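Please read these notes with the sequence and the model side by side. They cover a few surface and loop residues.

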Amino acid sequence: WENAGMIYLGDDEKDEEAFEVLDRLGGITVLVSQQERPTLAKYRLRDPQEARAWLRRLDRALNSTFPG
C-alpha cells in the first residue's frame, strides 16, 4: 500500500522502540498514559477512553475524505 500511513498507540516503556522506528518511517506515534514521563512518541492521550474517542474522530474524518 504505497501511500498508507502508520499509526501506533502504546502505553508503556516497551513501546518506545516502536515509537522510535515509526517516527523514522514517518508514522504517527501516540503514548496513552496519564503519567508524565519522557517518551519518543510525538503525541499523548490521557487514557484508553480518550484514545478510542480520537480513533473514532480519525475514522470519521478519513471516511468523509475517502468515502467507500
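1. Basis. This is a predicted model, in which local features need pLDDT of at least 70 and side-chain atom pairs count only at pLDDT 80 or more, while totals for chains, interfaces and linings use all residues. Residues are numbered from 1 along each chain as its sequence is written, and side-chain values use heavy atoms, with hydrogens and water left out.

2. R37. This arginine sits in the loop between β2 (28-32) and β3 (43-45); strands are DSSP runs of E, at least two residues, and helices are runs of H or I, at least four, numbered from the N terminus. R37 is buried, at 11% relative accessible area (buried is under 20%, exposed over 50%, partly exposed in between, with a 1.4 Å probe and protein chains only). Not counting residues up to four places away in sequence, its contacts include D11, D12, E13 and E16 (contact means heavy atoms within 4.5 Å).

3. S33. The loop between β2 and β3 also holds S33, which is buried at 11% relative accessibility. Beyond its neighbours within four places in sequence, S33 touches R44, L45 and R46. From S33 to L9 the C-alpha distance is 10 Å, across 24 residues of sequence.

4. Nonpolar patch. M6, V21 and L25 make a nonpolar surface patch of about 240 Å² (patch residues have over 30% relative accessible area and no salt bridge, and nonpolar side chains, Val, Leu, Ile, Met, Phe, Trp or Tyr, are joined within 5 Å, like charges within 9 Å; a salt bridge is a side-chain nitrogen of Lys or Arg within 4 Å of a carboxyl oxygen of Asp or Glu). V21 belongs to helix α1 (residues 16-24).

5. Positive patch. R52, R56, R57 and R60 form a positive surface patch. R52 lies in helix α2 (residues 48-65) and is partly exposed, at 43%.

Note on methods
Accessible areas come from the Shrake-Rupley method with a 1.4 Å probe; for residues, only the protein chains shown count as cover. Lys and Arg count as positive and Asp and Glu as negative; His and the chain ends are not counted. The place of a charge is taken as NZ of Lys, CZ of Arg, CG of Asp or CD of Glu.
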